[in-house]
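Visitor: I have a few questions about this model. Can we take them one at a time?

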Amino acid sequence: MKIPGKKRKLLSCIGALAAATLLLVGCAPGSNESGENGESATLTTAVVQIPPMLDTAMTTYTPTGWLMRNVVEGLVTSDINYNVKPMLADSWNVADDGLSITFTLRQDVTFHNGDTMDADDVVASMQRWTELSALGQSAIPGAVWEATDDNTVVVVLQERNSVLLQMLASGGANIAAIYPQEIVEEYGTDPIDDFVGTGPYTLEEYKPDEFVKLKRFADYSNRTEPADGLAGDRTPTYDEIEFLQVSDNQTRFGGALTGQYDITLASPEDYSKIQDAPELEPILNWVGSLYLNYNKKEGAMADVAVRQAVNTAIGSEEIMNAFEPSPDLYEMRPGIMLRSQEEQWNSDADADSYNVNDPELAKQMLTKTDYANEPVTIMAQQNDRSAKAAIVIQQQLEAAGFSIELKVVDATTLLKQREDPQEWDILVYGLNSKLEPSAMAFFSPDFAGWTNDPTITQLLKDYRGAATYDEARAMYPQIIEAYAEYRAMTKVADWTDVIAVKTGLESAPVHDSQIVFWSVPLLD
Amino acid sequence: MLKAMFSRLGGLIVVLFIVSIVVFLLLYISGGDAALALLGNTATPEQVAAMRSSLGLDRPLMVQYGDWILGVFHGDLGQSFYRRESVVEVIFSRLEPTVSIAIVAQLVALCIAVPLGIASARRVNSTLDGIVTTYTMIGMATPGFVFALLLALVFAFQLQWFPLSGYSPLADGVGTWLRFIALPAISLGVVHSALLTRMTRSSMLDVLSQDFIRTARSKGASSLRIVYGHALKNAAIPIVTLVGVGFAVLVTGALVTETIFNVPGLGKLMVESIERRDIPVIQGVVLLATVTFIFINFVVDVLYLILDPRVRQSA
């Protein structure tokens, strides 16, 4: 059949376009997950943000911690029940007066640069952590680290700290990481960007806001105990891990559905879609809690009676239902620690004042205060769950007789403005959990909210100065009681991040705010 | 002609200076603090003060601006607060994806717009003209991100022909490079083609009704020769203007497209830097965008002079 000239041209064009498309599609790279036939197995993880700094002593970003815990290690770590377990230290001995702790180090631990770790590396790293990190400054101000021999290190404290080991075991923010002495000395008080650690992975490449590439450390000095939380065996299953920053929620979730990413930090809105997708499974990562933080320095919330009225008006379920698509994703419980930490920290001392949800009672309480209907500013972060929560909180407080102004700002502006007591009265935001309660930032008089209560201050002093860790733990209910009486914060509920993993990876363990990446199972 | 060119160049420096001051002041009054963004949620006031000092943020505003502008004159745009690299290095590392997408998008737009515009002008008031006019109206009314999301849904999500996100450098292979930029470039190019088609059509209609075209027809010139040999060259000035301005529009359009497709280009760099108040990078990108915009306009002006003897004469 003869095709007319014009049609032939048209068909030629269509044919050329189709060929070009097929050629492009044919350029698709193959999967790199299996690790079969000698190929390297790569785990691709899409995250919301690659942090701007990876020096765990300098930044308090939790994402920095859970990313870097693959690369660096501390003296101790925690098991799945948050018990302190050895890591680079084999054992430790707390002096009878509690003012010094002697750590016996493991021998033959190799750094990523091939050097062997010794006591000088530990002293240099820990002294820097003590002086530079927010956690170190708060935990052991003025402490001095000394090496007594190649494998023994002593920390001499100014004041006893019964929970110091829990703080050193943190796998989230401010990991007390051990680096080679020369690196610590080279960088001093500047941020380290030469990350030579002892962890199961080496840092191959890091581009802030773009990606982090980790590679299995072939000479990793493993512990012999079985894997348990962050403790024990850390033999990596994958040769390489890529963390990619994909800021847009839809793009990230689309990548999970199309198989581009093995592990994806998803948005809670995608939870049901993950459950419905045969190629994906959800993992719930209980990271912390949503709080109302009060400006106790000035304004209406400086009066504890007004704070108690606010607390009485708050109904947690209504707030959480406003933005969490499923009750699986939050848990309403009093206290300031997570359910997974119950074995260590358990108290119902504030159960009566939690989730009261009684606007009429709040109104009555308010009439007995000096509150004269002046506007109360609620501040929350744009594009965050807390902003949606703030809208419901505004409604609940208006029903209780408060005059509310809602202020929603971007993350960086919020960080700046929360330091100014004239900018806000109530700050609605999420705080990550910590390994022990005194590390919660809102107990600090320097932290936004400016908690300043002699009872709490004395209790925290006694708690840290307790003779043993168990004695300190026994004081937790008293701390919670004082926290509720002073109404330092109002907890709304514990909440979870949703992680979408490829089917087959759902047994990946989660501990201390994130997946334990070295233990993620290999896909078939 | 040279005098006209130099006169325009002098004006550019004034524009650049004004833009740099406006951007600097806008960043200052927008609030936020890079030191806090670096140190995280629970940094102590002492840590924040030390970081502010090390970043130079504790200096008076005029001193910060003065240092920056002096650096610019020496070719130094400063250091990124986050990346511990010079701003020039940061920008260059993000330039390739954005320029790649803008060029391919421009090619897509031209490949669609010029044939459609010409065909539509040659058959004015025909069915084809109606279809093309409808296409241009829909194209101009549709926000770029809507089309980008549609493309992503069909070709990346459903058919999985193209990756949904990311970028592969040209050095890693042309095929893979094209696969990664195809969807963002097509989404930008198709939307841009609507305006370009409309401009080509109207410009061609103007020219095709001129006396010299009638003369050419009466002399027996073929239809193809009339369109491509006589009319298109004369209709090109508005099209060239739009192509030039369109390049700048495509670069700024990349802000949204790069976010949707997670392409690590200048648009995404800008968004991230604004979120973190990485002032040196923001200043650097704005400076580059302004220079690019002005340079493209300058090139368009020069092309006017080359293409149109009347402009040359008046210059």
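Visitor: In which element of chain B is Tyr28(B) found?

Guide: This is a predicted model: local features need pLDDT of at least 70, side-chain atom pairs count only at pLDDT 80 or more, and totals for chains, interfaces and linings use all residues. Residues are numbered from 1 along each chain as written, chains are lettered from A in the order written, and side-chain values use heavy atoms, without hydrogens and water. Helices are DSSP runs (H or I, at least four residues), and strands are E runs of at least two, numbered from the N terminus. Tyr28(B) lies in residues 2-29 of chain B, that is, helix 1.

Visitor: Is Tyr28(B) buried or exposed?

Guide: Buried means under 20% relative accessible area, exposed over 50%, partly exposed in between (1.4 Å probe, protein chains only). Tyr28(B) has a relative accessible area of 54%, so Tyr28(B) is exposed.

Visitor: What share of the residues of chain B count as buried?

Guide: The C-alpha trace of chain B spans about 85 × 55 × 35 Å along its principal axes. Chain B has 315 residues. The buried share is 46%.

Visitor: How do the residues of the lining of the largest cavity divide?

Guide: Nonpolar means Ala, Val, Leu, Ile, Met, Phe, Trp, Tyr, Cys and Pro; charged means Asp, Glu, Lys and Arg; the others, Gly among them, are polar. The lining divides into 6 nonpolar, 4 polar and 3 charged.
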